[in-house]
Amino acid sequence: MMVNSMFAEGFQLFPHQASTLAPSVDWLYLFIVAVNVAITVLVMVLLVAFAIIFRRKSEDDLPEPMHGNVPLEIFWTAIPTLICGVMFLWGVKVWSEIVVPPRDATELYVVGRQWMWKIQHPGGQREINAIHVPVGSNFKLIVTAEDVIHCFSIPDFRIKTDAVPGRYNQMWFNATKPGKYHIYCTEYCGTEHSRMIGWIHVMEREDYAKWLNEQAEGGDGLQGRKLFSKLQCITCHSDANKAPLLENIFRKDREIGYMDGKPVPPGTKVLADEAYLRESIRNPNAKIHRGFASPTIMPAYDRDLVTEEELLQVITYIRSLKQGETPTRTEETPTPQPITSADKASSNATEKTSGSAK
Amino acid sequence: MSAINLDRRVVGEAASTHEATPKPATNYLNHETTIASWLLTLDHKRIGLLYLVGISLMFVLGGAFAGLIRLELMTPKGDLLTGDVYNKSFTAHGVVMIFLFLIPSIPAVLGNFLLPIMIGTKDVAFPRLNLLSFYVYAAGGVFLALALLLGGVDTGWTFYTPLSSTYANGNVMVAALGVFVIGFSSILTGLNFVVTIHRMRAPGMTWFRMPLFVWAMYATSLIQILGTPVVAITIALVGFERFLGVGIFDPRLGGDPILFQHLFWFYSHPAVYIMILPSLGVASELVSTFSRKGVFGYHIIACSSIAIAIFGFVVWAHHMFTSGLSQYAAMVFSVLTFSVAIPSGIKVFSWLATMYKGSVSLASPMIFFFGFIGLFTIGGMTGLFLSTLGTDIHLHDTYFVVAHFHYIMVGGAIMGFMGGIHYWWPKITGRMYNETLAKISAALIFVGFNFTFFPQFFLGYMGMPRRYHEYPEELQVLNVLSTVGASVLAIGYLTPGIYLPFSFFFGKKAPKNPWGATTLEWTECESPPSPHNFDHNPPVYDHVYDYSTLNKEAAVVSH
Amino acid sequence: MSAHNSANVEAHAGHPHHEPASLVVYFSTFSALMILTILTIWAGMQDFGALNTPIALGIASFKAVLVVLFFMHVLHSSTLTKLTIFASMYFLGILMVFTLADYLSRGWTGQ
Amino acid sequence: MSATNTKSDTAQSHDNHGHHPSLAHHFVSLEQQHEANILGMWMFLVTEVLFFGGLFTAYTVYRLKFNTMFQEASNQLDITLGCLNTVVLILSSLTMAMAVRSAQIGKTKQILNYLGATAILGLMFLGVKYFEWKHDFEIHLVPKANFCWDYAKERRKEADHHEKDKPFVSKLIGKFVGHHEEHAPPSAAEIAKDHKNPESQQARIFFVLYFAMTGIHALHMIIGFGLIAAVAYWASRGTYGPEYYTPVEVLGLYWHFVDIVWIFLFPLLYLLGAHLGAGH
């Protein structure tokens, strides 16, 4: 049985080149391989040759001492330095292709947890341990984790990034060949680390369109909109006197009045990206929009109130909010109160407002 | 420059008398024989031997775990061990091999034995501290053994948070305590050596008259002193976090897991140089003695050891290129990482130049040296893939990295250790071992090693992640090859475990200077040395590696 | 200077270590430390904005230097001792600066 | 290249130090032994610098991240007591320096006196620290055990209000013997809620570092007492004099280092939020 599988059809010595980044990385790799082979062979040949040519012929052999040879030493310092310089620069060039995603990339969210990958498509499709993408499109992956550090890796695309809890890392690809390719977790993450694997399916465009249609249910945006009401965001964020409106803010600069409770000079701006939105939900006092009071009346939504997935749904919704699209506040929504997990469990509880300090 | 100008200039009163000195009746091995005289000894030579016993046991233990890992990886399915046991095995393998074997290997055994003799003094500066460091090491070993007996630890030797501080299910606290304690043993050894080298050199032994092994030990000790405390406090913080549940590195409690990685690698990257620098020092001694020629570019080799130690401290974040490190920091760390390659390259070229027009003997330590050069070169060169940003992203945390650091830390460091043990064995024990078996062992290690680890470069580029218990079927051929190689490697490593102890009891008596070497332990000490090494101030020469007037009768073993 | 210890010439530099420092030195050092302690508390009460920490650390460093130079006799110690202190500061600096290099340049992504 | 003769370095005759009882066999002279021991201590202090350095690095990183909360958390500490301890510790450094000096000039009796004074000052330092930690525990500032940021802030405000008009001395005495008004401790639910508050989390990281740093510092002082006792024992047997006083000086270096650590801890932990004023 073992012998059969030893030469299974999959046997190969080089990974597939399945993304636009793969050839760039491979050329750089082959260059370093060439340098390695050249130098290693040189060292080995000299070693063997010297061992034979200069072997001790008699016990009385006394070679002439030799203490150095400055030109030679400069030579073998300068040449490797030069080669290293080339490698470094070429490496930076390839790497900047890897780490800077194109602007038009479709964004997928990837959340790692012990021991699975959860993927959310912008249209709301969700997958576990699998990603379906069409050939020839740019995709950007925004990667985070719920518990420990994981690492999202697709070797056939030559890309990889750590999934760090509390932080968003990103990477991108443009798949070039239809087929299915391995997804691995490469950062050791506990007992079933080696089972935290999956497949990325690269499909022809029409197959992909079909797949999208089959998978679409409630999109993230819709889920996010529901949460926006359920979590009572709507209570204040529909009234520009109480809280900033969230229309058309994504990827725009926001002017900040307070940071961590302290006033900041006028004109201080931050970019409203995913990390900013996330922080503003988890810890509202971190950055307060100019013109609003600090500390804010907004409660901090911790993990027990909003899971990482729900947070991403809310963010997706906020990203999609266009001018005039904020839903109007319904009358029965109660006034804002800090919510505790107990409240959440028993939905509409009316407990005493204990956090008056807010 | 010709040989005539370099005749030995003998200084000190002993010069004319040393050949007439009668062989002393007692040596450090037999002048006291009670068990207490060994366990409570303050003699650096005996402490070196205590360490030799300790690390040999640990090597066997760590090797057993490696065997388990390789056996499991024969097949793609996890059919031999459960995932949990597998994880605990590679954690135990890493922790035992790194903290209990590699870091103390050459410094604590050969360094302890040779450093005072090589610089011509009676002992290290603090003999009691030296003994203490052995028992601290032993205590750390006991904690780690306890952690294993209580069910093992499954964090990996890197103890990454928040896995180690919150989620892991092993005895992390006990193991962390063990690592913390062993750290102090390492610090004490390094501190002792630095003070010894600064303050205890024999008259006339200036810095640039020291053997290159001593230079390497000096550089190593600096790293031990400067790096180890940082990992100690970091491990202590992980302990606080796990034990008390307070947030330091856990993002759920407001902490930052990346900070742990910075603090951890500040020590753990230089720690690689704690393992390899002493081997580089041994290599310099071997190539000189067995080419009967001074080391080419002595000053540059000496300084490159220090350079490696210092540069080694500014490259740590190349372990974190995929962690979301700032892009600017990544570029800085990448370019600095290349800076370590240059002094390493210079060393290899200088050793080759030493052999050039030398009188190369093929005695067994030299065969180990050849193996060392082969493995160290491959290991060093493959490091370039990992310092280059563009390729590191793909290779990070794959078997490529595993293969690379095994070539350095196992291939390079243990070949150097083996070479050193074979070279100094006659001095340590006063006996010669079987040359043929030693050469066979060297060849087995070289071949077995390459079979084990070379396929892993391919596995790595294919994307096989580290620390995987199960893997896709298409990767099986290379894994089987690796496991087969590992069995050859194991035989290679175990052979000296038979013929060396055998020679200790039954080997031919060793002459004072069997290899025709020029450093003080050969020219001024009997085999084995007397309890206080020297009974006079040893003579010191202008050039430590000057073979021109070497007593040729002493050289009885050539190849 | 001890002859059988000639390898350590650099450490002694001919300076005898037996010479005790005068009481004046100790007491003026102590007084300076007290004054600086008061100064640092006063400075802590003021709000200099971004300069708060540099001022506090500056005073603390100055105090530390006084202790090192006079109480620990480094003023009259060997070059090696001074080098040792410098090395510890240098490597501590590496640890801090390179770690912060990552944290402080995190936001500057090229996206 | 350097074919110089080396005789000039070494051919001098041996020094004629007699064999001092405190000279170990592997040293050639007391001088060499002294230099080796002093260097050894300095090397140990290098490791200590980097040991604390890890903590200081963690402190710096979190300080930059959570600057505001670190200042507020710092403001919960008692500057008066911190200041008192600074003075006590610097004074103990002075007595330690005097102990070394006494050894150098061969006044054995004075060595014991000064070492005793140092130990007493050290104990005072730890005594003050004990009251501080006890107070921190009472107002729920000890991470894990009972940390409750809101509760601690309230207690602090109350105390400031209560003591506003008292004279300094009675305030100071009150810190040690003053009784605290009985207050209902925060309920488990309140603590759980507090722990989810990001402000509380950030303040708690400050206190984790505060207890780690001051705790490890205190541990160093306790080790220092052991060393003082050992050196005092040998001093009482007349071991030290102008010829041989290495252990006293080594002990001095250690003690001064512990002092220096505190010199940095004081502004970084206590004075960080001082400008916010009391009752902030």
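Strand β5 (residues 138–145) of chain A and strand β8 of chain A pair in the antiparallel sense through six bridges; helices (H or I, at least four residues) and strands (E, at least two) are DSSP runs, numbered from the N terminus, and two strands pair if DSSP finds at least two bridges between them. In this pairing A:Asn138 stands opposite A:Asn174 of β8(A). The model is predicted: local features need pLDDT of at least 70, side-chain atom pairs count only at pLDDT 80 or more, and totals for chains, interfaces and linings use all residues, while side-chain values use heavy atoms, with hydrogens and water left out. Residues are numbered from 1 along each chain as its sequence is written, and chains are lettered from A and ligands numbered from 1 in the order in which they are written.

Both strands belong to an open sheet of five strands in chain A, with the order β3-β2-β1-β5-β8 and mixed pairing. Its edge strands, each pairing on one side only, are β3 (126–128) and β8 (169–174) of chain A. On average, neighbouring strands of this sheet are turned by 25° against each other, direction ignored. In a regular strand the side chains alternate between the two faces of the sheet. Helix α8 (residues 308–320) of chain A lies across β1 (106–113), β2 (116–120), β3 and β5 of chain A and runs at about 165° to β1(A). Axes are lines fitted to C-alpha atoms, for helices over the stretch in contact, and angles run from 0 to 180 degrees between N-to-C directions.

Helix α8(A) also packs against helix α5 (residues 220–230) of chain A; the two axes come within 7 Å and cross at roughly 100°. The helices α5(A) and α8(A) are therefore roughly perpendicular to each other (angles under 35 degrees count as roughly parallel, over 145 as roughly antiparallel, 65 to 115 as roughly perpendicular and the rest as oblique). Contact, meaning heavy atoms within 4.5 Å, involves A:Asp220, A:Gly221, A:Gln223, A:Gly224, A:Arg225, A:Leu227 and A:Phe228 in α5(A), which meet A:Glu310, A:Gln313, A:Val314, A:Thr316 and A:Tyr317 in α8(A). The residues of this contact comprise four nonpolar, five polar and three charged; Ala, Val, Leu, Ile, Met, Phe, Trp, Tyr, Cys and Pro count as nonpolar, Asp, Glu, Lys and Arg as charged, and the others, Gly among them, as polar.

A further set of pairings in chain A involves strand β11 (residues 253–259), which is joined to strand β13 (residues 269–271) by three bridges in an antiparallel arrangement. Here A:Arg254 has A:Val270 of β13(A) as its bridge partner. Strand β11(A) likewise runs antiparallel to strand β14 (residues 287–289) of chain A, again with three bridges, and A:Ile256 stands opposite A:His289 in β14(A). With strand β12 (residues 262–263) of chain A, β11(A) pairs in the antiparallel sense over two bridges, A:Tyr258 being partnered by A:Pro263 of β12(A). The strands β11(A) and β12(A) form a hairpin with two residues between them, and A:Asp260 in the turn has a positive phi of about 50°.

Most residues other than glycine have a negative phi, and most peptide bonds are trans. A:Asn248, although not a glycine, has a positive phi of about 55°; A:Asn248 is found in the loop between α6 (233–237) and β11 of chain A. The peptide bond from A:Ser294 to A:Pro295 is cis, with omega near -5°, and A:Pro295 lies in the loop between β14 and α8 of chain A. In chain B, the bond from B:Ser527 to B:Pro528 is cis with omega near -15°, and B:Pro528 lies in the segment after α16 (520–523) of that chain.

In chain D, the axes of helix α3 (residues 67–74) and helix α9 (residues 198–236) come within 9 Å and cross at roughly 60°, which makes α3(D) oblique to α9(D). Among the residues in this contact, D:Met69 and D:Phe70 belong to α3(D), and D:Phe206 and D:Phe207 to α9(D). The contact of α3(D) with α9(D) contains eight nonpolar residues, two polar and one charged.

Confidence is expressed as pLDDT, the predictor's confidence in each residue, from 0 to 100. Chain A has a mean pLDDT of 83, with 87% of its residues at 70 or more. The pLDDT is below 50 over residues 1–9 of chain A, a stretch with eight contacts beyond near neighbours in sequence. Chain C averages a pLDDT of 81, and 79% of its residues score at least 70. Where pLDDT is low, the predicted coordinates should not be read in detail.
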